[in-house]
Amino acid sequence: MTAMLKIWLDGALVAKDEAKVSVYDHGVLYGDGCFEGIRAYNGRVFKLGAHLDRLWCSAAKIRLTPPYSKEAIAKAIRDTLDANGLRNAYIRLVFTRGIGTLGLHPFRCPKPGTFVIADRIQLYPEELYEKGMKVIVAQRPRIPVACLDPAIKSLNYLNNILAKIEAIDADVLEAIMLNVDGFVAECTGDNVFAVKNGEIFTPPAEAGILRGVTRGFVMNELAPALGIRVKERMFRLPELLAADEVFLTGTAAEIIGVSQVDDHAIGSGSVGPVTTKLMHEFRKRIEAGAPED
Ligand code: PXG
């Protein structure tokens, strides 16, 4: 028997069975809140600074004032890892709107709820990193920026979950989501990149995406180190299908090649050379000590 997991909840470490949120919390009643999915490698919290910045942006966009400083949250994350003896983990950091009345009014909730879970991570099967992954294109479009900006990593993930159900029904692990105008946006929990003639392109914020931390790492650090250009631009499905390579990025996935989209093989139908180089560069950086900035 392993010891019961400890959860950091509103300032204290409590046993998993005791870590509960009220049924009056607007996070539960309305999906009113925001979160981050973060990863620790060998005791280092990958891009912790970028994750905290994004969480603070999400909170500001829903007018939620974080109840702790970034420094206090960073300490809470390290304390949670230590308390559970975890050096490699998936970290879920959540702000809920907090306990309020049954009405929508967010400002009648006096104090946001905060919790940190550190647990083992659910990864894609190893063989998919070698062979590439099959994905589908979801029928359901990504929610438009004007309705609920996907740049807000909110507790309301039903748009993604409904597309994920399409993937599950098709017996694949991810779905590419288009925006309502038919441009490629992102996947349910990963960003999308395409490679054509040695150049990488990926949808910009205006397409309606979460600006992934892994996406930022690829664009700003890994690709430049390999001397590969990355361009943010709008593109439609035919251009994605005609790409030499397609790959996805995300905290859980890291970088994973796509071999097939619906019934179309991408490139040679295996993981291409640019994707492979980026995957190796990613590994190299993590093994040298995951960057925390
Ligand atoms: N788009 C969406 C909609 C996401 O939810 C990403 C892109 C990739 O962003 P990052 O910052 O991770 O590179 C995400 C992130 C899970 C899980 O448990 C999902 C995410 C991250 C970690 C775990 O399915 N989504």
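Glu281 counts as buried, at 9% relative accessibility (buried means under 20% relative accessible area, exposed over 50%, and partly exposed in between, with a 1.4 Å probe and protein chains only). The exercises below start from this residue. The model is predicted, with local features needing pLDDT of at least 70 and side-chain atom pairs counting only at pLDDT 80 or more, while totals for chains, interfaces and linings use all residues. Residues are numbered from 1 along each chain as its sequence is written, and side-chain values use heavy atoms, with hydrogens and water left out.

**Exercise 1. Determine which residue meets Glu281 in a salt bridge, and where the two lie.**

Solution. Step one: a salt bridge is a side-chain nitrogen of Lys or Arg within 4 Å of a carboxyl oxygen of Asp or Glu. Step two: the side chain of Glu281 meets that of Lys284, at 3.5 Å from N to O. Step three: both residues belong to helix α8, three residues apart, about one turn of the helix. Helices (H or I, at least four residues) and strands (E, at least two) are DSSP runs, numbered from the N terminus. Step four: Lys284 is exposed, with a relative accessible area of 53%.

**Exercise 2. List the residues in contact with Thr275, leaving aside its neighbours within four places in sequence.**

Solution. Step one: contact means heavy atoms within 4.5 Å. Step two: Thr275 lies in helix α8 and counts as buried at 1% relative accessibility. Step three: with those neighbours left aside, Thr275 touches Glu245, Val246, Phe247, Ile255, Ile256 and Gly257.

**Exercise 3. Trace the salt bridges of Glu254 to Arg283 and Arg39.**

Solution. Step one: Glu254 and Arg283 meet at 2.8 Å, N to O. This pair links distant parts of the chain, with Glu254 in strand β14 and Arg283 in helix α8, 29 residues apart. Step two: Glu254 counts as buried at 11% relative accessibility, whereas Arg283 is partly exposed at 31%. Step three: Arg39 also forms a salt bridge with Glu254, the closest N and O atoms being 3.5 Å apart.

**Exercise 4. Describe the contact between domain 1 and domain 2.**

Solution. Step one: the chain is divided into domain 1 (2–119) and domain 2 (126–288), with bounds from an automatic or database domain assignment. Step two: 24 residues of domain 1 are in contact with 20 residues of domain 2. Step three: the area buried between them is about 1,700 Å², of which carbon and sulfur atoms give 65%. Buried area is the accessible area (1.4 Å probe) that two parts lose on being put together, summed over both. Step four: across this interface the rule finds two salt bridges.
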